[in-house]
Amino acid sequence: MNPLLVVDGDSFAHRAYHALPAKAFPRSDGRPGNALTGFAQMLLRIWQDEQPRSVLVAWDRLDVPTYRHTAYPAYQSGRVFDDELLEQLDLLPGLVESTGLAVAKHPGFEADDFLAAAAAREEAAGGTTLVATSDRDAYQLASEHTTILQPIRGGGPPARIDPTGVRERYGVDPAQVPDFIALRGDPSDRIPGARGIGEKRAADLLARYGSLEAMLAAGRFEAEGESLRLFRHLATLDPGAPLPALPDVAPDWAAAARHVRDLGLEGVARRLEEAASST
C-alpha cells in the first residue's frame, strides 16, 4: 500500500512566499501570487515524487486561539504576517480542495496537530505516513511507520527523517522530543525552556534521566517544574485532532488548473494541465 502524505500547509506556504519574489509572480489583477504559485508547484512535485495513496493538507486557524494560546498567552506572541501572505493563505485551502484532496482546518488546533492525528490513524490501520513539514516539532512523529520529509535549502529532494535521523540531529528519541523542547525552549513559539539549558545539555539530561518527569522526581528543576510541564504540553502534538475521511484518491489536476486560472495564475494553470495530461 502506498503511503499517506500529510502536508503542513502553512509551512509550505510560508516557505513559498519567502522564496519567490512577489513582483515576479503576479496574478492577473496585479496582486501577488508567489505563495499560491510556490505552494502549487511544491504540492505537485511532492505528489509526483512520492505517489501517495492519498493526501491531507493541514492548516492553522490564525483567527482563533488554540488551547496552547489559552494555557500560555505568550505562546507565539509577536508574530506578524504580511497582508499579502495572509490574503494568499485564505485562498490556499480552496486550491487544495479543487484537486479533490483533503483539507484539515479546525478552530483550536494547529496544522501540526492534524499531522499527528493522521499519522496515528494511518499507523493504527497498518499503513505508513510521510509528513511533509519544515517544523522540527514533527520529529516526535518519526517512527518505523512514519517518516518526516523536511525541505532543504536549494530546492533539492527533501531530507527523510526517521527515528535514527532524529537521534542524529537532536540526540534524543522521537518520544523525547516534547521533553527536549520543554528543556531547550523554542524561540519561534516563545517557549523559554529551562534556565541555562541549551540543546546539548537538554539531550544529555534526557540521556541520563530518560524523561522530564524523571528529572523532576529526582529533584531537578524544582522551581521550574510546573512551567516545564506546561512547556512540554505546548510542544506535544495532539493526535486527537479532528480529521476528514482519507480514502485513496488521485488529485484532479485539470480541475485545479481551472481553479488557479480563475485566480489569475495562468502559468500555474498550464503546469497543472501538463500534469493532468501525463497521468
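**Notebook: aromatic rings**

I looked up the ring pairs and found six aromatic pairs in the structure. I note that this is a predicted model.

**Entry: Tyr72 and Phe231**

I started with Tyr72 and Phe231. Their rings form an edge-to-face pair. I read 5.5 Å from centre to centre and 70° between the planes. Edge-to-face applies because the planes are over 60 degrees apart.

Next I checked where the two residues lie. Tyr72 is in the loop between α3 (67-71) and α4 (83-98). Phe231 belongs to helix α10, residues 225-235.

**Entry: Phe109 and Phe114**

I moved on to Phe109 and Phe114. This aromatic pair is tilted. The centres are 6.1 Å apart, with 50° between the planes. I looked up burial here too. Phe109 is buried at a relative accessible area of 15%. Phe114 is buried as well, and its value is 0%.

**Entry: a cluster**

Which residues do ring pairs link into a cluster? I found Tyr139, Tyr170 and Phe180.

**Entry: a charge over a ring**

Last, I looked at Arg220 and Phe221. The charged end of Arg220 sits over the ring of Phe221. I noted a distance of 5.7 Å from the ring centre.

Terms used
Residues numbered from 1 in each chain as written. Predicted model: local features only at pLDDT ≥ 70, side-chain atom pairs only at ≥ 80, totals over all residues. Heavy atoms only, no water. Phe/Tyr/Trp six-rings, centres within 6.5 Å; stacked < 30°, edge-to-face > 60°. Helix = DSSP H or I, 4+ residues; strand = E, 2+ residues; numbered from the N terminus. Buried < 20%, exposed > 50% of the residue type's maximum accessible area, 1.4 Å probe, protein only. Lys NZ or Arg CZ within 6 Å of the ring centre and 35° of its normal.
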